[in-house]
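Hello,

I am passing this structure on to you, along with some notes on what turned up in it.

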Amino acid sequence: MLETEKAAFQAKAGATPQQMADLEAFRFRLGDANSVMNLVGPDSLPDFWNRHVWDSAQLLTHAPEARSWADLGAGAGFPGVVLAILMKGREGAHVWLIDSLGKRCRFLQEIVDALDLPATVIIGRAEEQQVTCDVVTARAVAPMEKLLGYAQPYFQRGAQGLFLKGERAESELIEARKSWHFEAELAPSQSDARGRIVTIRSLRRARTKR
């Protein structure tokens, strides 16, 4: 089953043998680390290639020209590590992996070093970093209203947002509009029929009514 999903991912993503080798090495390291700290739900590891890797990789089809990405709450490395693996060797490619928890950052740094990825691991609060990038992204970090607060500084420096969201994406956007003005587009996820890819542009805070 795992090999079938692996082959299906490679066909969909057009991944090279070297990219597949790096992703496989990432899978093994994630499995080892997950046994001692909670990075992803253990029940999701058998669905690694679709639920985690293809879910992350599909973002590249929404911003094919983007070279620099910031992954907020990078955690286990989805989508940031996957993006770094798939962009490795591409001129100007770089991914910032930002997380506030030291042990997750240590895991991410081990992956970056082992696979020689074009990525920088930053420990700290996402909204306090001075990173300039083409795209700011996140998966399973916070509801949209709060997530946009974390991402606002990146938008101010010219980024657009591409966020992996679940079946509550529409309702999260409605709630977020109480605090923010923005342009939004929703596209179906290619990895989960319930999921959505949310593109956000022109973010600014809404004026508070007095």
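At what angle do helix α1 and helix α3 pack? Before the reply, a word on the basis: this is a predicted model, where local features need pLDDT of at least 70 and side-chain atom pairs count only at pLDDT 80 or more, while totals for chains, interfaces and linings use all residues. Residues are numbered from 1 along each chain as its sequence is written, and side-chain values use heavy atoms, with hydrogens and water left out.

Now the helices (DSSP runs of H or I, at least four residues; strands are runs of E, at least two). Helix α1 (residues 2-13) and helix α3 (residues 48-57) pack at about 10 degrees, and their axes are 10 Å apart. Axes are lines fitted to C-alpha atoms, for helices over the stretch in contact, and angles run from 0 to 180 degrees between N-to-C directions. That makes α1 roughly parallel to α3 (angles under 35 degrees count as such). In their contact (heavy atoms within 4.5 Å), α1 supplies Leu2, Glu5, Lys6, Phe9, Lys12 and Ala13, and α3 supplies Trp49, Asn50, Val53, Trp54 and Ala57.

Then there is the sheet. Seven strands form an open sheet in the order β3-β2-β1-β4-β5-β7-β6, with mixed pairing (two strands pair if DSSP finds at least two bridges between them). At the edges are β3 (119-123) and β6 (180-188), each pairing on one side only. Helix α6 (residues 102-115) packs on this sheet and touches β2 (94-99) and β3.

Best wishes

Conventions
Parallel < 35°, antiparallel > 145°, perpendicular 65-115°, else oblique.
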